Amino acid sequence: MSYNQGPAGYNQQQNYGVPSSQAGRNRSQYGGPAPNNYYGGGVNAQPPPPSSGGPPPMGPPPQGKQPIGAFGEGRGNPPQQQGYGAPAMNGPSSHGTPPPTSNQHQPYGQPGQNGYSSMPPTTQGAPMGYSGGQPNRVPAQPGPPNQPPSSQPGFYQPQPPQQPQPPQQPQPPQQPQSPQQPQYGATQGQLSNQMNNMSLSGPPQGPAQGSPQGPPSGPPAGPPQGMGAPPTNMGRSQPPMMSGPPPTSSMSGPPPASRPGQPPTSMYAPPQPGQTNMAPPSMYPQQGGGYNATQPAGGGAPAPYSIGGAPQPSSMGYQPSGSGPTPPMSPASGMPRPGGPQQYSGMGQPGMGQPGMGQPGVRQPGMAQPGMGQPGMANPGMGQPGMSHPGMGQPGIQQQPQQPQKKLDPDQMPSVIQVIQDDRKNKGNQQFITNIRGQCPPLVTTDFQVIDQGNSSPRFMRSTMYSIPCTQDMIKQSQVPIGVVVSPFAELPENEAPPPIADHGPNGPVRCNRCKAYMCPFMQFVDGGRRFSCAFCTCVTDVPPEYFQPLDHMSRRVDAYERPELSLGTFEYIATADYCKNNKLPKPPAFIFMIDVTYQSIKTGMVHLLCKELGSLLEKLPSEHGMKESMIRVGFVTYDSSLHFYNLNSALAQPQMLVVSDVHDVFLPLLDGFLVNLSESRAVIESLLEQIPQMFAETRETETMLGPVVQAGLEAIKSSDRAGKLFLFHASLPIADAPGKIKNRDDRKLLGTEKEKTLLSPQINFYTKLGQECVTAGCSVDLFLFPNSYVDVATIGQISTLTGGQCYKYSYFQAANDGERFIHDLNHNVQRPIGFDSVLRVRTSTGIRPTDFFGNFYMANTTDVELASIDSDKAITVEIKHDDKLTEDAGAFIQVAVLYTSVSGQRRLRIINQSFNCCTQMADMYRNCEMDTIINFLAKQAVKAVFNSNPKAIRDNLTNRCANMLACYRRNCASPSSQGQLILPECMKLLPLYINCILKSDALAGSTDITTDDRSWLMDTVISMGVSSTAVYFYPRLLQVNDLDPNSTDVPLAIRSSVDRLRDTGVYLLENGNMMFLWIGLHVSNDWVQDVFGVHSPAQIDIDSSKLLNVDNPTSLRVRKLVETLRKGRPRYMKLTFVRQRDTLEAWFRHFLVEDKGSNASPSYVDFLCHMHKEIRNLLA
Ligand SMILES: [Zn+2]
């Protein structure tokens, strides 16, 4: 092997497993109370480690600036300072350094896995490090990010705790479970203030002397309950949307200028040189009705764009389609109509996506639009003062059907399905080679293989745009967000190798002296290889002698291909002690399972089920790649109004229980024997899991607590000197007299009103503070909730949100019905790739900087994103803003560094790099946008705004921004003529659709259709979603399944989410990542019903079941297989709900047909698009 193992060589994968000798995992665990406040009095307390762990031995530090905070990723960093800003540095870097032009990156291009591939970077397949990795399933997360505890005491609505609340009915999905004050008995103070040591055989503590009366109401028969967002009143009251087919709306705006017969724009015509592929759909002759293809820029003239990759606006002119009303009920399965005249295409131009970079010369001059037209524009809202958005929430005002004349043919409106299909056609099943700067990746819905050649895989980082405007002014005008969505531990398909690991030995990674960016392919070596110029701050740093290598004739290091950090977009470094707490290498993490054993948990079967499954689940704990056994320690706690710890020392014949009843000052009753090695203590653990359900079987205890439970887990983690995770299985509102006690303040009426933020913010800051303490200790918390009534997710959810954890919610849980989902979720949770005690830092090149972050984490300063854990399902969305001008030549760079502890206790850094083009033309930006990522960004921003804004302002803001983004395009990139036409940029043609979907989503639209907890849960979930999760959440996937080819295993093509696409002879499956429905038409063939449900007609189907019969025939097999495939593709296990046409549940189902008018008057896609058109015209006027 050409690379040396030495200080700078690669580390063969095998090594890691074995945390180098130093690892110190042999240290006596529990060696006494751990250094609690790792970070001393604050995040910055710790002195920054020397730069890069190894001061550059040669040469003086680069000029000027002293290194700003030489943090080892995060800790001890100067809060704000971004090293880059400092200008001064430009000079030096320039000498001899060729501008980072594209060709700079080309080289990585060796086919296949170049250079280093020969070395076994990691054994293919399993994502490194996490051997246990499972495909994917489960969760994404909760959480309003670090939301300041906005609720001041007294700030929230004091709610009369005891509302006459209708007891929950077993029937309908979800009842307005409001106040429902559990009337548990008096507080109990029975147990002595100290722990009693007793053996397991006896009943835990005198069960419930204090709470004699029976359990609260028995759990209702599990109503069909969706994952987090049950329909609630669906089924009861007559849902508005229930009736009739949604009227295809009429244009609310003024009639568009008509241009009958206008030929499809020339825009698309000239198939760009170099562009292979077939003619874009837009080239098809256009269709008479509905939309008209329009002329994009320049009317007939090919416009400047056509040159190197025209902007391809997709335009559609509305036209009063003479043909009359839109066929509302197109029975067609909604299939995209391939050959059809899709005006809004543009899509087709394959090559086009990534031209930007290659031909800088192409910039078309024209289009000088700076500032001019848009002074007024700045304030988007301006155009339409009193103007109400049709439907948008204000029922009253809702669409004035003044001009019902022109109907839009829904088939002519930009379709998600079509966009997905086109992208698959053009980019599917191909390699996506990341050697080009500013290259737009395929959509998240397209299958492709990433070949990392210098830029990160889009699976780890996606951007809203790949050509960033040079000036802030362009962003101000367009209002298109610049942002990236980072999923550092995203799971990879089997044909992609996990990021290799570089080990630079005791010196640690090579970093820029000033901004501390890590060595990566963007750094330019100069001076014969003795120094390198930083791509982020331009500072020139000496190359450490042991890292030196000469340059070839291209100024590339001769060993470039042998080193991941010089040739790859994503790779890892082994971190040195400088990157560890107290400069000590970490121990393997711990998982602590903490189980609520009050009456409710026992009664629902949760405890039994969990204990039954935990044994086999523990066998699946993640282990480092190449290691057989997981090194994760495990511990167990049960609790009600006191805490029960278990000594699982392998020397014991039976587990020992230690009870702590003084919950006001929790302490850990044992160190040794609490967190154990699974293989050593297996027998004791099994015994414990058998006994727990029996021990508490007769409990009458109904009051529970939560704060002390988390405190106890945190203490255990801290004392053992490890990072780790608490798994809390919890049933009800913590009302016992203990820290963190909260009251029932539910008041669903507030949702959707100005006051909703009080209800959606924590009622006390106890959990927020506790969450912060957990983060500091590297202790993550996952909440598995099994509530029968309000548990105040907004308050207790803080604990998982802040710690990078996850919140699961199984309302009205019944083991028989929901057990499968719960166990699947838990399995996925335990096995997914994960890192602990992590700090994420985003560095950008000069001129831009990260300004805001959305996700599950905590930030004590403005730059370090602290994550007690980060797993494959979590994404962090980062807002980027200008702080200076950019240049087209230099481009822009982003480097995300994630410092973390692996499952075996190895400290590592994962480095994710991405390069961007910069542009001076709006058209370039619009041509290189990524719609799904923009939606992820805007949705999270809107959800975060819930805490400090109000619903109307949020809606208006999103609507105006959408109009503005499109108007700016229209103003700058399209022909000024054809006022009446709606012209949409190709990459953003789905913007109106998606914005409408966000506005009507349960996460944002505060309707009283869902419970307060579900709303909080959804907000929490959305905020940590990755791009593929937001895409399907906002636009659910609808599949026809009664005509599947039994010989295929493919997922059928989706159809548009509209009731118009359903036929009563069909059966449809709908999924949004959280839940799944099977809608059964009343006239579906009896054969199909017989095959799948084993009954003769749809009327006989038991729709209360949520399981498909296990029957052995091709049709049934195919359907079940499909359901399984869809579930595997999502982080959460989606419960299947059967909906028979015209049954009451149908209203709930139709709620997810997002192209239709919604309940609470949310507009249909057609209406919203028309409204947008009007808004745009106002802005342009
Ligand atoms: Zn730098």
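## The zinc site

Along the chain, the donors of the zinc ion follow the spacing C-x2-C-x18-C-x2-C. These protein donors are Cys512 (SG), Cys515 (SG), Cys534 (SG) and Cys537 (SG), lying 2.3 Å from the ion. A donor here is an N, O or S atom within 2.8 Å of the metal (3.2 Å for Na, K and Ca); water is not among the atoms, so sites may look incomplete.

The 4 donor atoms subtend angles of 99 to 116 degrees around the zinc ion, which makes the arrangement tetrahedral. Four donors count as tetrahedral if all angles lie between 85 and 135 degrees. For comparison, the ideal angle for four tetrahedral donors is 109.5 degrees. Cysteine 512 and cysteine 515 are both buried, where buried means under 20% relative accessible area, exposed over 50%, and partly exposed in between (1.4 Å probe, protein chains only).

## Basis of the description

The model is predicted: local features need pLDDT of at least 70, side-chain atom pairs count only at pLDDT 80 or more, and totals for chains, interfaces and linings use all residues. Residues are numbered from 1 along each chain as its sequence is written, and side-chain values use heavy atoms, with hydrogens and water left out.

Helices (H or I, at least four residues) and strands (E, at least two) are DSSP runs, numbered from the N terminus. Helix H13 covers residues 766-777, and its 12 residues should span 16 Å at 1.5 Å a residue; the end C-alpha atoms are 17 Å apart, which agrees. The expected span is 1.5 Å times one less than the number of residues. Just after H13, glycine 778 takes a positive phi of about 70 degrees.

The buried residues of H13 are Phe766, Tyr767, Thr768, Leu770, Gly771, Cys774, Val775 and Ala777. Their cover includes helix H11 (707-719), strand E20 (779-785), helix H14 (793-796), helix H15 (798-802), strand E22 (834-844) and strand E24 (864-871); contact means heavy atoms within 4.5 Å.

Strand E22, part of the cover of H13, is itself mostly covered, with 11 of its 11 residues buried. Two strands pair if DSSP finds at least two bridges between them. E22 and E24 run antiparallel and are joined by 7 bridges; isoleucine 834 stands opposite aspartate 871 in E24. E22 also pairs in the antiparallel sense with strand E26 (residues 892-901), over 7 bridges. There, alanine 897 in E26 is the bridge partner of arginine 841.

## Aromatic pairs

The whole structure holds 37 aromatic pairs. The rings of phenylalanine 766 and tyrosine 767 have their centres 5.0 Å apart and their planes at 80 degrees, so this pair is edge-to-face. Rings of Phe, Tyr and Trp (its six-membered ring) pair if their centres lie within 6.5 Å; planes under 30 degrees apart count as stacked, over 60 as edge-to-face and the rest as tilted. Phenylalanine 766 and tyrosine 767 are both buried.

Tyrosine 1068 and tryptophan 1079 form a tilted pair, 5.7 Å centre to centre with 50 degrees between the planes. This pair links distant parts of the chain, 11 residues apart: tyrosine 1068 is in strand E31 (residues 1067-1071) and tryptophan 1079 in strand E32 (residues 1075-1080). Tyrosine 1068 counts as buried at 0% relative accessibility, and tryptophan 1079 counts as buried at 3%.

## A sheet of five strands

E31 and E32 belong to an open sheet of 5 strands with the order E30-E29-E31-E32-E33 and mixed pairing. Strand E30 (1054-1055) and strand E33 (1135-1140) stand at the edges, each with a single partner strand, so one side of each is left without a neighbour in the sheet. Strand E29 (residues 1037-1040) runs antiparallel to E31, joined to it by 4 bridges, and arginine 1037 stands opposite glutamate 1071 in E31.

## Two residues with positive phi

Most residues other than glycine have a negative phi. Asparagine 582, however, has a phi near 55 degrees. Asparagine 582 lies in the loop between strand E13 (570-574) and strand E14 (590-596), and counts as partly exposed at 32% relative accessibility.

Aspartate 721 also has a positive phi, near 60 degrees. Aspartate 721 is found in the loop between H11 and strand E19 (724-730), and is buried, with a relative accessible area of 18%.

Terms used:
Four donors count as tetrahedral if all angles lie between 85 and 135 degrees; four count as square planar and six as octahedral if opposite donors are over 155 degrees apart and all others between 65 and 115; anything else is irregular.
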